[in-house]
There are 2 protein chains.
Amino acid sequence: MDSKAERDLTSSTRATDSARPALSRDRIIATAIAFVDRRSLTALTMRQLGKELGVEAMSLYRYVNGREDLLEGMVDRMVEELHLRTDSELLDDNSGWQAYLQWLAQGVRSLARDHPKVFPLIATKHPAAPWLRPPLRSLHVVEDFLTTLISHGFDDNRAVQAYRAFSSFLLGHLLLEATLLGAETGPAEEPLDEGGSDVPNADQDLDLANFPHIQRLETQLSEDHAAAEFAQALEDLLDRLDRFLTE
Amino acid sequence: MDSKAERDLTSSTRATDSARPALSRDRIIATAIAFVDRRSLTALTMRQLGKELGVEAMSLYRYVNGREDLLEGMVDRMVEELHLRTDSELLDDNSGWQAYLQWLAQGVRSLARDHPKVFPLIATKHPAAPWLRPPLRSLHVVEDFLTTLISHGFDDNRAVQAYRAFSSFLLGHLLLEATLLGAETGPAEEPLDEGGSDVPNADQDLDLANFPHIQRLETQLSEDHAAAEFAQALEDLLDRLDRFLTE
DNA sequence: ACGCACGGCCTTACGTCGTAAACCGGCAAT
DNA sequence: ATTGCCGGTTTACGACGTAAGGCCGTGCGT
């Protein structure tokens, strides 16, 4: 009675099938993303993912071309999402390019916050082309970006430079934030005790005796103002681009 | 005669032995870094590294506490290097904090450029403490940072914020640059042809027909002005911090 | 001088990973 | 009924990280 539960509805593989959604690239990728969100990147294994989908690992290979391709699929899927929900108003002349960039930045930030364990992948994986810079690694998104800026007075050169600056900005802030959030899912991380007990292990490690400033500022350093700082830095970047535009 | 070649020089394992430098954590880590530079992160395997050192894989475990620890060691080593060659002049009141930040930024950039394949590790690995943000993930470096800024008129709060802004800046620009440089060592990457030929596979892929801007700007997008852009963005950041300081 | 503990490296072994290749049941069209 | 494909399974291989124990030369204690 293990996997026979959904057998009787096979009278015809109709669309009304609700029991077993049937394997597909999309479903695999979606499940993989959810899985990584819940567990971790290194936990994402073909066999585990198979189990998650109620299927043997090798079945996945009919839809994804190996693990590497799966990861790429996840990245593409997530970034493409950005383009899909582009409010076309934003691309018009109505709201300025700044509104568009604000929207885009917040969108990418949402990605990073919703999937902190996946984001390093977006940030790190080598793009298909050298002009597809993380995290804006979708042709659609980049095209939107360039279109919007150019239609708002940027010349080619400045649009490209803006693209680069914007990419760097997002990457830096959001990868940091994501790394912070997806705290390694560390279950316990044994201190590994390295030895006996007589010698108090003289190296510096995590006692802050020799680092007075860090020690004093420890709490401040640990505070999380990610949202505000992101917003502020984004403002500054936009100002910079604006100045850049009218120079 | 396979591994006996270097047997006869074992008359005594004296210090004067120049043939086989003898295993040590330092040597292992150094070799690992060099190895990753030459090959890639995923190619760095305990067995491969052993081979590189003329030793069995398991021998490494006497000095590094597993692969994860090895990677951490590599990161630490590289970042610590920054602190070691800190010109103490820079920390004095003589040159301003801006000179220090310029120096530090260029130092980290050198790291990224010298070891583009390792840099993602520095950027991505979870720091030991939440206030050790990549890529400035060394207590020494952070302490230097805070000391310098505070001794130049920053109050605690602003110094901390500067630290965060600076980290994000470096991470974004340099991870991007490193990713670009360490071009995945991709040997060929078969186009994998995905199926028949009748349906032209309606997705966009890499023909730029539907992306006029990208197509037109392709060359500009591919141009590499990393150095200049980095310098410029750094200038702007310093200005921003300066304004921030006297507000 | 001799023995012996010990540090440093090797051998063996286990479980898990990605994935190539062959296989197999059932549906559709012939 | 036959055939062939489609979607999934089985089996198998080599490489990985690493636990556990073996082995051998060196240097110290006596």
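**Stop 1: DNA strand C**

Select α2 (46–52) and α3 of chain A: each of them supplies at least two residues of the surface near DNA strand C. Helices here (H or I, at least four residues) are DSSP runs, numbered from the N terminus, as are strands (E, at least two). Before going on, note that this is a predicted model, where local features need pLDDT of at least 70, side-chain atom pairs count only at pLDDT 80 or more, and totals for chains, interfaces and linings use all residues. Residues are numbered from 1 along each chain as its sequence is written, while chains are lettered from A and ligands numbered from 1 in the order in which they are written.

Which helix gives the largest share of the surface near DNA strand C? That is α2(A), with three residues. "Near" has a cut-off: the C-beta atom of the residue, placed from the backbone, lies within 6 Å of the strand. Colour the surface by class and you get seven nonpolar, six polar and five charged residues. Ala, Val, Leu, Ile, Met, Phe, Trp, Tyr, Cys and Pro count as nonpolar, Asp, Glu, Lys and Arg as charged, and the others, Gly among them, as polar.

**Stop 2: DNA strand D**

Next, select DNA strand D and the 19 residues around it; A:Leu23, A:Glu56, A:Met58, B:Met46 and B:Gly66 come nearest. The elements that give two or more residues here are α2 (46–52) and α3 (67–84) of chain B. The most come from α2(B), which gives three residues.

**Stop 3: two helices of chain A**

Now pick helix α1 (residues 25–38) and helix α3 (residues 67–84) of chain A, which pack at an angle of about 85° with their axes 9 Å apart. The two are therefore roughly perpendicular (65 to 115 degrees). Display the side chains that make the contact (C-beta atoms, placed from the backbone, within 7 Å): A:Arg25, A:Ile29, A:Ala32 and A:Ile33 of α1(A), with A:Leu70, A:Gly73, A:Met74, A:Arg77 and A:Met78 of α3(A).

**Stop 4: the two copies**

Finally, show chains A and B together. A rotation of 180° with 0.0 Å of shift along its axis superposes chain A on chain B (RMSD 0.1 Å). The two copies are thus related as by a two-fold rotation axis. Where does chain A come closest to the rotation axis? Select A:Gly172, whose C-alpha lies at 1.8 Å.

How values were computed: Axes fitted to C-alpha atoms, helices over the stretch in contact; angles between N-to-C directions. Parallel < 35°, antiparallel > 145°, perpendicular 65-115°, else oblique. Contact = placed C-beta atoms within 7 Å. Least-squares fit on C-alpha atoms with pLDDT ≥ 70 in both.
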